[in-house]
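Open the structure in a viewer and keep the selection tool at hand. The tour goes from one stop to the next, with a selection at each.

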Amino acid sequence: MRCDRAQILMDRYLAEELPAVEREDLESHLRECPGCQQQLAQLQTLLGTLRSVPAPPVPQGFVGRVMVMAGQEIERQGPLVQVRPRPASWWRHGVTPQQIGFAAALAAGLLVGVMLGHQTWQHSARTSTIDRPTANVQVTDAENVYLIDYLTGTPRGSFPEIYLSLTSVDSDQEF
Amino acid sequence: MRSDEELMSAVAEGDLSAFEQLVRRHQGTAWNAAFRLVGDVHAAEDIAQEAFLRVLRAASRYRPTAAFRTYLYRIVTRLCCDHRRRIVASPSGDVDAWPSQAPLPEDVASSQEVHSSVNKALASLPARQKEAVILRYYEGLSYTEIGQVIGATRKGVERLLARGRAALAGKLSELLEE
Ligand SMILES: [Zn+2]
């Protein structure tokens, strides 16, 4: 074992995290290398010095203060329970109102297309995508992507319901 | 005793007492990490509180892909990073300040000089080295866990720690030779 490798392993050696093979290799190197023995002693001193510095205890009443803030948060935001999953992870990556507007315009256009009677769509609907160069998002669940909650209570066979069925596919994405 | 993951799913169902149990169980984790990272009791309390509120807000989206503690460290580390940026941006900020309000036990008062040197040396490290060093030597995380918290490979963590230790040894050389 070379000295630079030995010195890399020392940290995990002291924490007793090294697998047996590496530990034995390191120990046999240490027996023959005064330089690394000294390095190991210096590392122990350094870590001992670092750890001698205490952190103050958790401030009194910390839990109570967090719970008060949690209560206020719930009052402001409503209950924690979410009836439906929130939009997929790309949503958090900074979608601009312009992009949402653009998407909404495309969605409206699509809806009009359906209403005009493009029956031939139905067989390929489950993999339909919308070309959105600005966000490059596949439409996996129209309800989630566009937050069109108001379409969900629509009667069977209505245009909105057809639209939703066309643009939705099952998704196991993590929300 | 319910596991962290069980408590988190209860929180997602709106169970505030489960949230309180989580806060009680992990307050030390959030507080210590925040305090070590920002070196200020007031900022550390704000950050630890905010970290738990974020846990609450995100409960319904939480998936136990890593230990809850790792998840909490990740939130705390990010909040500390934001805090650091704000401090750097504001001219009155002083990252090196060891808080005078910190209630230290009497028997360590004589080591105040050592503490102050160590804290200054830690504060002077580049952010990621400092995060790695604190998570390793004060919080006792493995390289893999540190990687999950700060978003680095195991090799990356190894390098950050090696550089961090070398920098600390240099800055504390007088102290270490005594
Ligand atoms: Zn050697």
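Is A:His29 buried or exposed? Select A:His29: this residue is buried, with a relative accessible area of 11%. Keep in mind throughout that this is a predicted model.

**Stop 1: the zinc ion**

Next, select the zinc ion together with A:Cys3, A:His29, A:Cys33 and A:Cys36, which coordinate the metal at 2.1 to 2.4 Å. The site is tetrahedral, with angles of 100 to 117 degrees among the 4 donor atoms. For four tetrahedral donors the ideal angle is 109.5 degrees. Along the sequence, the donor residues follow the spacing C-x25-H-x3-C-x2-C.

Now show A:Cys3 and A:His29 with their helices. A:Cys3 lies in helix H1 (residues 3-14) of chain A and A:His29 in helix H2 (residues 20-32) of chain A; the two are 26 residues apart, and the pair links distant parts of the chain. A:Cys3 is partly exposed, at a relative accessible area of 35%.

**Stop 2: two helices of chain B**

Move to chain B and select helix H2 (residues 16-38) and helix H4 (residues 68-89), whose axes come within 10 Å and cross at roughly 35 degrees. The crossing of H2(B) with H4(B) is right-handed.

Then display side chains where these helices meet. On H2(B), pick out residues including B:Leu22, B:His26, B:Ala30 and B:Leu37. On H4(B), the residues in contact include B:Phe68, B:Arg69, B:Tyr73 and B:His83. Colour the contact by class: 11 residues are nonpolar, 4 polar and 1 charged.

Notes: Residues are numbered from 1 along each chain as its sequence is written. Chains are lettered from A and ligands numbered from 1 in the order in which they are written. This is a predicted model: local features need pLDDT of at least 70, side-chain atom pairs count only at pLDDT 80 or more; totals for chains, interfaces and linings use all residues. Side-chain values use heavy atoms; hydrogens and water are left out. Axes are lines fitted to C-alpha atoms, for helices over the stretch in contact, and angles run from 0 to 180 degrees between N-to-C directions. Helices (H or I, at least four residues) and strands (E, at least two) are DSSP runs, numbered from the N terminus. A crossing is left-handed if the near helix is turned anticlockwise from the far one by less than a right angle, and right-handed if clockwise. Contact means heavy atoms within 4.5 Å. Ala, Val, Leu, Ile, Met, Phe, Trp, Tyr, Cys and Pro count as nonpolar, Asp, Glu, Lys and Arg as charged, and the others, Gly among them, as polar. Donors are N, O and S atoms within 2.8 Å of the metal (3.2 Å for Na, K and Ca); water is not among the atoms, so sites may look incomplete. Four donors count as tetrahedral if all angles lie between 85 and 135 degrees; four count as square planar and six as octahedral if opposite donors are over 155 degrees apart and all others between 65 and 115; anything else is irregular. Buried means under 20% relative accessible area, exposed over 50%, partly exposed in between (1.4 Å probe, protein chains only).
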